Amino acid sequence: MTTAQISLPLPVLPEDWSAPNDFKAIGTLSTPNQRNLEPVGPHFLAYARRKRHKRTFSEDERIQANENVKKVEEDDGGDISETEDPLMLGRDAKDWKGQDHYAVLGLSKHRYRATDSQIKRAHRKKVLRHHPDKRAATGSSEDDSFFKCIQKAFEILTDPVKRRQYDSVDESANVDPPSKKAASKSPSAFYKLWGPVFESEARFSKTQPAPLLGNDKSTKEEVEQFYNFWFNFESWRSFEYQDEDVPDDNENRDQKRHVERKNNNARKKKKTEDTARLRQLVDDCLAGDERIKKFKKEARAGKDKKRLDREAEEKRIADEAKKAKEEEEKLLKEKEEAEKVEKAEGKKAKEAAKNAAKKNKRILKGSVKDANYLLSEGQEAGAKRIDEILGDVDAVTGRIDNEELASLAVKLGGLKMAEEVGGIWKDEVKRLESEGKLKAGEVRILGS
């Protein structure tokens with residue numbers, strides 16, 4: 001067993017220490033025993049390991065470092081574990097702008113989604129594997145060029161401004177749009193292929209979260225909101241990362257300003273080209289979106305239904321108007337026919353009444369004639385007598401209406417005796433005179 005002797009000075013006593021004078025023993029020391037002390041703890045374990053494997057300090061430290069690297073790799077495996085490309089390991093550190101910083105740290109599948117924690121763990125893993133001291137200890141002939149690439153990638157990705165500039169031009173994170181043939185293979189293929197495209201492009205949106213493509217069950221409002229957003233897309237891409245390096249020396253200011261103007265113009269051009277690219281991408285997606293066709297078909301069906309309903313209503317109104325007009329014309333025609341019939345019947349009745357009046361007048365005139373003009377039998381009526389009696393008959397018949405005329409004719413019908421006929425005429429004349437239709441003395445013979 002190895003022993004070690006250590007010499008340590010005793011502490012200096014304070015000036016007011018008076019223990020030798022004031023000391024009072026309160027007990028006695030026990031009998032001393034001799035014991036063996038053994039080393040313990042991590043240092044003893046390291047010592048035992050070296051003795052067991054017959055290693056030197058440097059050999060043991062190198063082997064332990066390799067085991068620590070393996071342990072770190074096992075702990076960080078999975079989400080940040082990627083196979084290293086031999087071509088990437090041979091990159092020139094001076095061409096840092098052309099390198100894929102995410103691939104250098106093993107974060108290709110994460111890229112702009114990688115968290116700060118993942119970046120730090122990935123950097124630690126790469127440093128433990130590619131640190132120049134580690135390589136030298138393992139006897140590797142690899143230079144420190146890739147290690148510088150690792151450090152540059154870590155510098156870019158841990159600086160929010162620089163990382164945003166790099167993400168702005170990280171084409172490896174883009175998802176290529178599908179061909180028209182591939183997207184139209186099945187209804188689900190369109191959403192499956194176009195969905196990741198817009199998820200990738202959404203990282204450049206100033207407005208977050210950006211609306212995504214959705215699926216065949218998306219409502220018309222959701223689809224319209226999606227296309228309105230992407231047709232008016234506001235991107236934060238600036239393309240500074242691809243700027244030409246500006247000279248730092250103060251002697252060539254004109255050259256510096258020239259490079260800055262050149263970079264600004266290049267950014268504007270790239271911004272315009274990117275806007276046109278995105279617009280074309282949205283146009284292509286819109287052209288193959290079956291939901292738009294379905295909504296248009298529904299809108300046309302709705303318009304057709306409204307048009308048909310409107311035409312049906314117009315037809316109904318026209319039919320009702322036509323029917324009302326026909327009914328009105330029918331009623332008017334019936335009225336005209338009725339009036340015509342009524343007029344004809346009235347005319348006929350008038351003619352009949354006129355004929356009846358004529359007949360009755362003939363009867364009345366015939367009654368005085370048959371009664372020998374109211375003269376006694378054997379007497380002959382002269383022309384004057386006839387004219388006077390017929391004049392009286394006309395005077396009476398001119399004062400009475402057709403009904404009275406007919407009534408008078410009935411009374412006189414068949415009578416031939418002068419006394420009977422004369423009595424009836426006399427009564428009629430008196431009635432007319434009492435009613436004021438005849439003046440007294442106007443009818444001389446028939447009224448006497």
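A residue is called buried when its relative accessible area is under 20%, and Phe239, with a relative accessible area of 6% in this predicted model, is therefore buried. Phe239 belongs to the loop between helix 12 and helix 13, and its backbone has a positive phi of about 65° although the residue is not a glycine. A second residue of this kind is Lys54, a residue other than glycine whose phi is positive and near 55°. Lys54 is placed in the loop between helix 2 (42-53) and helix 3 (57-75), and its relative accessibility of 75% makes Lys54 exposed. The backbone also holds a cis peptide bond, which runs from Gln208 to Pro209 with omega near -5°, and Pro209 is located in the loop between helix 11 (187-201) and helix 12. As background to these backbone angles, most residues other than glycine have a negative phi, and most peptide bonds are trans.

Contacts between aromatic rings were examined next. A search of the whole structure gives 16 aromatic pairs. In one of these pairs, the ring centres of Trp96 and Tyr241 are 6.2 Å apart and the ring planes stand at 85°, so the arrangement is classed as edge-to-face. Because Trp96 lies in the loop between helix 4 (86-89) and helix 5 (101-104), whereas Tyr241 lies in the loop between helix 12 (220-231) and helix 13 (253-288), the pair ties together parts that are 145 residues apart in sequence. The two partners can be described by their accessibility as well: Trp96, at 24% relative accessibility, counts as partly exposed, while Tyr241, at 7%, counts as buried. Another aromatic pair, formed by Tyr102 and Tyr166, is tilted, with 5.8 Å from centre to centre and 45° between the planes. Since Tyr102 is part of helix 5 and Tyr166 is part of helix 9 (residues 160-168), this pair ties together parts that are 64 residues apart in sequence. Both Tyr102 and Tyr166 are buried. Elsewhere, one aromatic cluster is formed by Phe190, Tyr191, Trp194, Phe198, Phe226, Tyr227, Phe229, Trp230, Phe231 and Phe233.

In a second case, the charged end of Arg237 sits over the ring of Phe204, 4.2 Å from the ring centre.

Rolling a probe the size of a water molecule over the atoms shows where empty space is left. The count comes to one cavity of 30 Å³ or more, and the largest cavity has a volume of about 40 Å³. Its lining is made up of Glu201, Phe204, Phe233, Ser235, Arg237, Asp274, Arg277 and Leu278, among which Phe233 is also a member of the aromatic cluster. Helix 13 supplies the largest share of the lining of this cavity, three residues, and by class the lining residues divide into three nonpolar, one polar and four charged.

Open space was considered separately, and the largest pocket holds about 380 Å³. This pocket is lined by 18 residues, of which Ala183, Ser184, Phe190, Gly288 and Glu290 are the closest to its centre. The elements that contribute two or more residues to the lining of the largest pocket are helix 10 (180-183), helix 11, helix 13 and helix 14 (290-370). Seven nonpolar, four polar and seven charged residues make up this lining.

Glu433 is found in helix 17 (residues 418-434), where its relative accessibility of 28% places Glu433 in the partly exposed class.

Notes: Residues are numbered from 1 along each chain as its sequence is written. This is a predicted model: local features need pLDDT of at least 70, side-chain atom pairs count only at pLDDT 80 or more; totals for chains, interfaces and linings use all residues. Side-chain values use heavy atoms; hydrogens and water are left out. Rings of Phe, Tyr and Trp (its six-membered ring) pair if their centres lie within 6.5 Å; planes under 30 degrees apart count as stacked, over 60 as edge-to-face and the rest as tilted. Helices (H or I, at least four residues) and strands (E, at least two) are DSSP runs, numbered from the N terminus. Buried means under 20% relative accessible area, exposed over 50%, partly exposed in between (1.4 Å probe, protein chains only). A charge sits over a ring if NZ of Lys or CZ of Arg is within 6 Å of the ring centre and within 35 degrees of the ring normal. On a 1 Å grid over the protein atoms alone, a cavity is a set of points where a 1.4 Å probe fits but cannot get out, and a pocket is an open set with protein on both sides within 12 Å along at least five of seven lines; lining residues have an atom within 4 Å of a point. Grid points are joined across faces, edges and corners, and a volume is the space filled by probe spheres set on the points. Ala, Val, Leu, Ile, Met, Phe, Trp, Tyr, Cys and Pro count as nonpolar, Asp, Glu, Lys and Arg as charged, and the others, Gly among them, as polar.
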